[in-house]
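User: I have a model open and would like to go through its packing with you. Could you take my questions one at a time?

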Amino acid sequence: MTVYVGERVSDGARVQVDGRPLDPRSDLKAISANGFEWTYEGGGPAQLALALLAHHLNDGAAALRLYQAFMRQVVANLDNEWTLTGEEIDAALGRLEPAGTGGQR
């Protein structure tokens, strides 16, 4: 089971996947020059959402389609220290609201 862990450290925020640093996937889209962040909506959380999805889905195109909604509905609501499993990401993806629907489908 893949496990993603985020924590605040003295020099910023650190995110690991199975004990190794998570690649920010700036090759797909450079959103934040300041690295990962969470607990709000913005560039750092968007970069984290993209990186999490790109790693989890192993599909850059899908990650690019989904990262904004995932950032708003998942990453912006993470605690200062958090853990997400692959199964939890799959469950969150199943609950994503399409952008601009206001919760209506």
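User: Where do the axes of H1 and H2 come within 8 Å, and at roughly what angle do they cross? I mean the angle above all.
Analyst: In this predicted model, the axes of H1 and H2 cross at roughly 130 degrees and come within 8 Å. The crossing is right-handed.

User: Which residues of H1 and H2 make the contact?
Analyst: On H1, the contact is made by Pro45, Ala46, Ala49, Leu50, Leu52, Leu53, Ala54 and Leu57. On H2, the residues are Ala62, Ala63, Leu64, Leu66, Tyr67, Phe70 and Met71.

User: And by class, how many are nonpolar, polar or charged?
Analyst: The contact of H1 with H2 has 15 nonpolar residues, with no polar and no charged ones.

User: At what angle do H1 and H3 pack?
Analyst: The angle between H1 and H3 is about 110 degrees, and their axes are 11 Å apart. H1 and H3 are therefore roughly perpendicular to each other.

User: Which residues make that contact, and what are they by class?
Analyst: Leu53, His56 and Leu57 of H1 meet Gly86, Ile89, Asp90 and Leu93 of H3. By class, the contact of H1 with H3 has four nonpolar, two polar and one charged residues.

User: Moving to the core: which members of the largest nonpolar core touch the most other members?
Analyst: They are Leu22, Leu48, Leu52, Phe70, Val75 and Trp82, out of 28 residues in that core. At least two residues each come from strand E2 (12-17), helix H1 (43-57), helix H2 (60-73), strand E4 (82-85) and helix H3 (86-95).

User: Which of them gives the most to this core?
Analyst: H1 does, with eight residues.

User: What does Phe70 touch?
Analyst: Setting aside residues up to four places away in sequence, Phe70 touches Ala49, Leu52, Leu53, Val75, Ile89, Ala92, Leu93 and Leu96.

User: Ala92 is on that list. Is Ala92 buried or exposed?
Analyst: Ala92, which is found in helix H3, counts as buried because its relative accessibility is 7%, under the 20% limit. Beyond its neighbours within four places in sequence, Ala92 is in contact with Phe70 and Val74.

User: How many Å separate the C-alpha atoms of Ala92 and Asn80?
Analyst: They are separated by 19 Å, and the two residues are twelve apart along the chain.

User: What about Thr85, buried or exposed?
Analyst: Thr85 has its place in strand E4 and counts as buried, at 14% relative accessibility. Not counting residues up to four places away in sequence, Thr85 touches Met1, Thr2 and Val3.

User: Changing topic to the backbone: what is phi of Asp18?
Analyst: Phi of Asp18 is near 50 degrees, a positive value in a residue other than glycine. Most residues other than glycine have a negative phi. Asp18 lies in the loop between E2 and strand E3 (20-21), and is partly exposed, with a relative accessible area of 48%.

User: And what is phi of Thr39?
Analyst: Phi of Thr39 is also positive, near 85 degrees. Thr39 is found in the loop between E3 and H1, and at 33% relative accessibility Thr39 counts as partly exposed.

Note on methods: Residues numbered from 1 in each chain as written. Predicted model: local features only at pLDDT ≥ 70, side-chain atom pairs only at ≥ 80, totals over all residues. Heavy atoms only, no water. Core = buried A, V, L, I, M, F, W, Y, C linked by side-chain atoms within 4.5 Å. Buried < 20%, exposed > 50% of the residue type's maximum accessible area, 1.4 Å probe, protein only. Helix = DSSP H or I, 4+ residues; strand = E, 2+ residues; numbered from the N terminus. Contact = heavy atoms within 4.5 Å. Axes fitted to C-alpha atoms, helices over the stretch in contact; angles between N-to-C directions. Left-handed = near helix turned anticlockwise from the far one by under 90°. Nonpolar A, V, L, I, M, F, W, Y, C, P; charged D, E, K, R; others polar. Parallel < 35°, antiparallel > 145°, perpendicular 65-115°, else oblique.
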